[in-house]
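Subject: A structure for you to look at

Dear colleague,

I am handing over the structure below, and I would be glad if you read through my notes with the sequence and the 3D view side by side.

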Amino acid sequence: GYFPLGLMEMRLLGICMTEETKNRAEQSNSVREWTAFYTRKGDISFDGVEARYLSSTANVLTLYFFSSSCVHEYMDVYSEVLQPDPAELVNTPFGGRYCGPIPPRTRVSLYRALALSYHSDKNVSTSDIFVGKYQFVNDCKNKEFTIMKRNTRLVHLCPEVLAIFLVKGNAKPTGVIVTPTYPGAYPKALQCSYQFLGSPGQRIRLEFRDFDLFFGGPHCPFDFVKVYDGPDNSSAVIGTYCGQQHFISKNDGEHIRGTECDQKILSKKESSGFVFSPNYPFPYMPKLVCRYFIYGMQDSQHLERVRLEFVLFEIPKGPKGRYAFSCTDGYLKIYLRGQETTDSYDKFDYEMCGVDEKPSVVVSDGPRLVMVFSSGELMGRGFKANYTFETEYRIPGTAAPDGSCSFIYRSTSKKKGEFNSPRYPANYPSDTNCTYLFLATNNEQVTLVFDNFKIRADSVNISIGSYGTLICQEDWIEIYNVYRDGIETMIGRYCHMSAPGPIESNRGAMGLKVILHSDSDGVYSGFKARYSFEKAKSIFGDCGGNVSSLDYGVITSPNYPKNYDTLSKNQASKSCNWYVNVRPKYKILLIFEKFAIEGDPVETHPDLPPLNQGTISKIEAQYREMGHRKVPSKRQAVVDDDTKLNLLLALEENPITPARRGCPAAVLRLWSDLASTPVELCGEKPLTEKWQYISTSNAMRFSFITADKAVGAQGFKAVWTEVIDGPSCDEFQCSKTGFCIPDKLRCNKVNNCGAEDDSDEADCE
């Protein structure tokens, strides 16, 4: 029948006919060819044979398809239609959706009707979209049974009867048997017996290549196949089978019901396995379309990607088409970006075929990887591939080949870029350790600048900034200088909201290493940072110097008392490194008279005294002496009163305000002990506060670094003095600190004894 062009959907119903109509059909031809056009919804007739909705006679409908290419169009098959009414399709089990150049396999209706639903969103139509053959077959209403020979197959079409088949090996040494209406649903109340009889000396090999029966329990009380090792059911039972069984090729996934061979493989957290073409390791059958949905984990704690590596690949290309590398017969299409969620199967990432070499490894962009395998007329061995679910970190950089959270950034590959915590800006996962390694060339240094920073820390309870091993014990990042001899020196450990200041690798180091650690508890959003490889500077940086052979001195930031400069274009950082050395057995006393560097490392409760940054190392030492592994989890303040440390526990109902954003734009790092990690300083020192530090040896180093996002501030002025501890003293001894300083430093209008000790300036005219 022909229909006017219009709406892009049609339904074809094969329906039971009256005896008169049936005879008319048989006189004209029992097997016909039909062509469908874009049509309006409606019932169609076959070459003038009227289709009527009658239930007095039941027939089974068989269709053979021959299809052309298709894009954005498909055909749905319904082979279990109970009533010949289009509205009934809503309640009919879905039999499969087909498109592409490979036609569906032969389908047999379960009842007296079969429906096809064709859809297209194309504006232009042709007359050769699909063409097929149908045949009405007797349904054994007189308790007879019919055997329909389909190539080398024996198909029993008779429900509600006992059918016995005898297959003799000398007459038919090989063949295929299928259930009625395969690959559609089999009828109810069916009992079939197959007896295979070979010649003397022969054995019988039975291979089930597709098996999907109703599973009623482990003992198969309802639907089952039972295999006997002998001529009849009195012989020993080899096995009783039901449910979904895989006897030859066992994919690790689950067969998707309502499809012929679609598989679903779900991750079991970083699991792996194999996926095979149908019938592997034997050649696949022609005219098959199978989809494989391989899905990794995706939740608040897990995000995975799929890595696919082929062990064997053999899908014949077929005759050359328009393009030399096109797959004109069978193919395997791979989708890496979740195209199946929008039915965008025409937007595949790879189309593979051939027998000469294995395809390269493919990795999904996200948690989904989908394969569509279509076998053509030519047969091949198919494919075997190993899939691996890897944690998807969503971190730019060269990932480790073993799938661990390790990334390398080489100057030879890229001079500038970004890096971040796993899945940023979403929360990083718990129980994670990630490594970021930045490798410069011989004449380069690497600079790191952190733009966003939020790492979980439960012990942020004291206003000293969130860094150091005492505060950062749950989640943290650590940063190291890395040297060619394998030595790594820690720059610092950071957590909570205190972003690390700008960092330059040391002169002579081959690069920097960043380690992110999270424990098994709560997580935060993590960090986002930038890296830049630049020409190596001198050991003093852009300014700074070596200071020695003096009793005391003054060190200031560039341009002091004016604001230090911002950076020029394309400059990642600017640094000034000072190295102060005094006589052996002496120490260095450092006092900040002025300090104003952009940043906000700490914040105290307004009811408590402000924190003296100069007491940070003393606080940590005091807590160690008190036997604490880490700072107690209460709000606390520190007051430097006559050199005594008073640790004041505040009221529990007034928790401390968390530390602020740290020193991401500019920082002064101070090494009072060259063998330990430095103290990081930024912010502004109130006039009433006194900041002082004392070295542990005769050497001290401090480094002032600004990043490209620095806007400028007044900077700092620091006075250092060579001192030696009492109690005896050959020169002037300070009254409060007990330090010995040279006599010539008395009355020089500089407090050389200490921030709270002005005895060296007393009684001066």
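This is a predicted model: local features need pLDDT of at least 70, side-chain atom pairs count only at pLDDT 80 or more; totals for chains, interfaces and linings use all residues.

Before we come to the sheet, please keep in mind that two strands pair if DSSP finds at least two bridges between them, and that strands (E, at least two residues) and helices (H or I, at least four) are DSSP runs, numbered from the N terminus.

Residues are numbered from 1 along each chain as its sequence is written, and side-chain values use heavy atoms, with hydrogens and water left out.

An open sheet of 4 strands, paired in the antiparallel sense, has the order 28-35-30-33. Its edge strands are strand 28 and strand 33 (503-504), each of which pairs on one side only. Strand 30 and strand 35 (residues 526-535) are joined antiparallel by 10 bridges, and in this pairing Phe 533 of strand 35 is the bridge partner of Val 446. Strand 30 (residues 444-454) also runs antiparallel to strand 33, with 2 bridges between them; here Thr 447 stands opposite Glu 504, and Leu 448 has Ile 503 as its bridge partner.

Why can strand 30 be called largely enclosed by the rest of the structure? The reason is that 8 of its 11 residues are buried, where buried means under 20% relative accessible area, exposed means over 50%, and partly exposed lies in between (1.4 Å probe, protein chains only).

A cis peptide bond, with omega about 10°, joins Tyr 424 and Pro 425. Pro 425 lies in the loop between strand 28 (416-420) and strand 29 (432-439), and Tyr 424 is found in that loop between strand 28 and strand 29 as well. With a relative accessible area of 22%, Tyr 424 is partly exposed. Which residues does Tyr 424 touch, leaving aside its neighbours within four places in sequence? Tyr 424 is in contact (heavy atoms within 4.5 Å) with Asn 452, Ser 525, Gly 526, Phe 527 and Lys 528. Although Tyr 424 and Ser 525 are 101 residues apart along the chain, their C-alpha atoms are separated by 6.3 Å.

The peptide bond from Tyr 560 to Pro 561 is also cis, with omega near 10°, and Pro 561 sits in the loop between strand 37 (552-556) and strand 38 (573-581). The loop between strand 37 and strand 38 holds Asn 570 too, a residue that is not a glycine and yet has a positive phi of about 70°. Asn 570 is exposed, because its relative accessible area is 60%.

Cys 747 likewise has a positive phi, near 60°, and its place is in the segment after strand 49 (740-741). Its relative accessible area of 35% makes Cys 747 partly exposed.

The protein as a whole

The secondary structure comes to 2 helices and 49 strands, and 48% of the 765 residues count as buried. Among contacts with a separation of 6 or more, 76% are between residues 24 or more positions apart. The protein exposes about 37,800 Å², of which carbon and sulfur atoms supply 50%; accessible areas come from the Shrake-Rupley method with a 1.4 Å probe, and for residues only the protein chains shown count as cover.

The predictor's confidence in each residue is its pLDDT, from 0 to 100. The mean pLDDT of the protein is 76, and 75% of its residues reach 70 or more. Over residues 1-70, however, pLDDT stays under 50, and the model has 192 contacts beyond four places in sequence for them.

With best wishes
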